[in-house]
Every structure is written in structure tokens, then in C-alpha cells.
Amino acid sequence: MFSRNKVWTGYTFSILLLLTAFTLGVTVGSVQVPLTQMLNIFAGAITGDREALDPMFGSIVLDIRFPRVVLAALVGASLAIAGASFQGLLKNPLADPYTLGVSSGASVGAVATIFLGLTIPGLGSFTLPVISILAALITLVIVLGFARMVEKSMKMETIILTGIIFSSFLGSILSLMIALTGDELRQIINWLLGSVSMRGWEYIRLITPFFVIGALLLFWNARELNAMAFGEERAQHLGVNVQRRKFVVLASGSLLTGAAVAVSGTIGFVGLVVPHMVRMVTGSDHRHVLPLSILNGASLLILCDLVARTIVAPTELPIGVITALIGAPVFGLILIQKRKERRG
């Protein structure tokens, strides 16, 4: 058991890390913004006195970097808490939206929306995240259903292999749409590479309601996730409606993943790395794993975005490249560790 002191140390560290990442994300770039200038800009924005501020710094902070950092935080938090919920539900540290194929499904839904120019009456710009979320949920249901058909025990390797198979299949569908597209080619390619660059407040408006709903639903089911970690039969004896709770968790994770993919493209491994690191520090209690995953997922993607736009400046790398460079080795280490535990 992990002590309460370790848990609160985890919260303190996570909050400080997020504040540091936020500050670096806003102040560091091709134009350095002094910390005092940043604080003055935010103070002026709160009081409504933007005219008294330096117009260049004010525009850089409030119109470019601040919305970019906020969007990166929301995307990172969404992917991290979705990964934490999938891992907890499936009792599998390798489960995350990327390895389960959920991100690929969401990508197909989003690209199809862009490719076909779809607009659902009454939803307007929210058509993109809604279709992406539905595609993510359908993909997850198919992946888990196919894995159960292959092997009723649904071992870790079976689920991951099924996710990889469906990711490959969905990737071919994406390639087909890209090959058939015309004027939208550049938009689709840039979107698929994963980025939070120049998205602005409109994309924050698109993801925020889905993030709030998905996160609240998972917080509401944190105790049930703890109960189901001991097995479905024991959870039922404890009074948990297992089937209903499983559906809510899966739907919430797909909601978060679909919305994140819709606004930022495919960004892998955030949902794998962050919950794993959180559990190493604070234990497996989802009442703490979920909020800490949000904090650290936000910090990770802000810092990855900072690296992506500064490491080879003025060229900007896709943020998915940076997360993959971090996540792929961690994925391998977790797999090796699980193999050793089984042999031991």
C-alpha cells in the first residue's frame, strides 16, 4: 500500500510541474517573453486593460501561445485519463487509446468528416468531434469483441495484437482517402501528423465540453474501477453493476479520445506513459490515478509541444513524433517487465 504522504507528494509535484510547463510554454519560443511581462499581460487581460501592454508581447501571449498551451493541456489530459481508465478496466498496463486502435478509429471518423465535408444539422462545427467520438467507440467495441472471439480470456497479447491489426486496417482506409482527396490533401496530412499549432480558441471550444463530461463520468466511476480491478465477479458481490459501469467507462474513454483526436490529430503513447508513471508513484487507486493523470498528461503534452516547436526552429516538428520517441521505448520496457513478472 502507498502512504498518504506519497499521494500528496504526487499531487504537489504534479501541480508544480504543470505550472512550470505552462510558464515555459508561454514564455519560451522564437521570441522570448520575460516572466514579468507574461504576468503583466495576464493581469491586463483580466482587468480588461490590454491597451496598456506591449502590443507585440500581448499578441504573442494571448493570441498565439496561451491558446496553444491550453489546447495542448486539454488534449494531453484527455488522452492520459482515457488511457488510465482503459488500463484500469482491462487490468492491462499496455492498454491505451493508441495501442487499442481507438485513436485510429477516431482518425478515420475525423478524416472522413473533412474528406466528405460532412455537417450534421444542428451541430455545425461540433460535427467533427461527434463523428470522431462515434468512430472511436465503434472501433473499441469491435476490437474487444474480436479479441474475445479469438480468446475468451482476453489475454494482454491478444488485445494488443487485435488493436494493432485494426490500426493497420484503419490506416489503409486513411491512406485510401488521402489518395482520393484533392484540395483537402494538405489539411488532412497536417492534421494526421498531430499538432496543436495555430488552432486557436475555436478548437478549445470544441474539446472542452467533451473533456469535462468524459472526465466527470470517469471520476464518478473511480471506486467502481477499483472494485473491478479485483475481478468482475467480486465487483458484482460488492454491489457494482459491472456491465453498466464497463459501458460508461468505455464510452467516456472513447469520448475523450475522439474529441482529442478531432482537434489535434493522432498523438500516440500519452495514454500509455502517463498512467503507468502515476501508478508507480501513487499506487493503483483510481481516485488518485485519474486526477493525477490529467495533471501529468497536460504537462507532458505542453512540454512535448515546446520541444516540437523549438528543437529545430524555425522548423516545427509534429508533436506526435516527440511523444512516439518517448512512448515507444516505455512501451517496450513495460512489455519486458510484464514478461518477467509472468515468468517469475
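Helix 4 passes helix 11 in a right-handed crossing. On handedness, a crossing is left-handed if the near helix is turned anticlockwise from the far one by less than a right angle, and right-handed if clockwise. Helices here are DSSP runs of H or I with at least four residues, strands are runs of E with at least two, and both are numbered from the N terminus.

Before I go on, the provenance. This is a predicted model, so local features need pLDDT of at least 70, side-chain atom pairs count only at pLDDT 80 or more, and totals for chains, interfaces and linings use all residues. Residues are numbered from 1 along each chain as its sequence is written, and side-chain values use heavy atoms, with hydrogens and water left out.

Back to the pair. Helix 4 covers residues 102-116 and helix 11 covers residues 242-264; their axes come within 9 Å and cross at roughly 55°. Axes are lines fitted to C-alpha atoms, for helices over the stretch in contact, and angles run from 0 to 180 degrees between N-to-C directions. Helix 4 and helix 11 are therefore oblique to each other. The classes are: under 35 degrees roughly parallel, over 145 roughly antiparallel, 65 to 115 roughly perpendicular, and the rest oblique.

On the helix 4 side, Val102, Ser103, Ala106 and Ser107 meet Thr257, Gly258 and Val261 of helix 11. Contact means heavy atoms within 4.5 Å. Sorted by class, this contact of helix 4 with helix 11 has three nonpolar, four polar and no charged residues. For the classes, Ala, Val, Leu, Ile, Met, Phe, Trp, Tyr, Cys and Pro count as nonpolar, Asp, Glu, Lys and Arg as charged, and the others, Gly among them, as polar.

Helix 11 also holds Lys246. Is Lys246 buried or exposed? Its relative accessibility is 17%, so Lys246 counts as buried. The cut-offs are under 20% relative accessible area for buried, over 50% for exposed and partly exposed in between, with a 1.4 Å probe and protein chains only. Neighbours within four places in sequence aside, Lys246 is in contact with Leu89, Arg148, Met228 and Glu232.

Next, the loop between helix 11 and helix 12 (270-282), where Phe269 lies. Phe269 has a positive phi of about 75° although it is not a glycine. At 12% relative accessibility, Phe269 is buried.

Helix 12 then packs on helix 13: the axes come within 9 Å and cross at roughly 130°. That makes helix 12 oblique to helix 13. The crossing of these two, helix 12 and helix 13, is right-handed. Helix 12 contributes Val270, Val274, Pro275, Val278, Arg279 and Thr282, which meet His286, Val289, Leu292, Ser293, Asn296, Gly297, Leu300 and Leu301 in helix 13. The contact of helix 12 with helix 13 comprises eight nonpolar, five polar and one charged residues.

Ala313 and Pro314 are joined by a cis peptide bond, with omega about 10°.

The contact includes Leu62, Phe66, Leu74 and Ile81 of helix 3, and Trp201, Tyr203, Phe211 and Phe219 of helix 8. The residues of the contact of helix 3 with helix 8 divide into 17 nonpolar, four polar and no charged.

Lys91 sits in the loop between helix 3 (55-90) and helix 4. Lys91 is not a glycine, yet its phi is positive, about 55°. At 46% relative accessibility, Lys91 counts as partly exposed.

Two more residues. Thr27 is in helix 1 (residues 4-27), and at 9% relative accessibility Thr27 counts as buried. Leaving aside neighbours within four places in sequence, Thr27 is in contact with Gln32, Val33, Leu35, Met38 and Arg65. Ser168 is in helix 6 (residues 156-180) and is partly exposed, with a relative accessible area of 48%. Ser168 and Ser104 are 64 residues apart along the chain, and their C-alpha atoms are separated by 8.6 Å.

Last, the record. An unreviewed UniProt entry places the feature "transmembrane region" at several stretches, including residues 66-86 and 126-147. UniProt positions are in the numbering used here, feature names are shortened, and annotations may be inferred rather than shown by experiment. In the model, residues 66-86 are 100% helix and 0% strand, with the end C-alpha atoms 30 Å apart. Residues 126-147 are 95% helix and 0% strand, with the end C-alpha atoms 32 Å apart.
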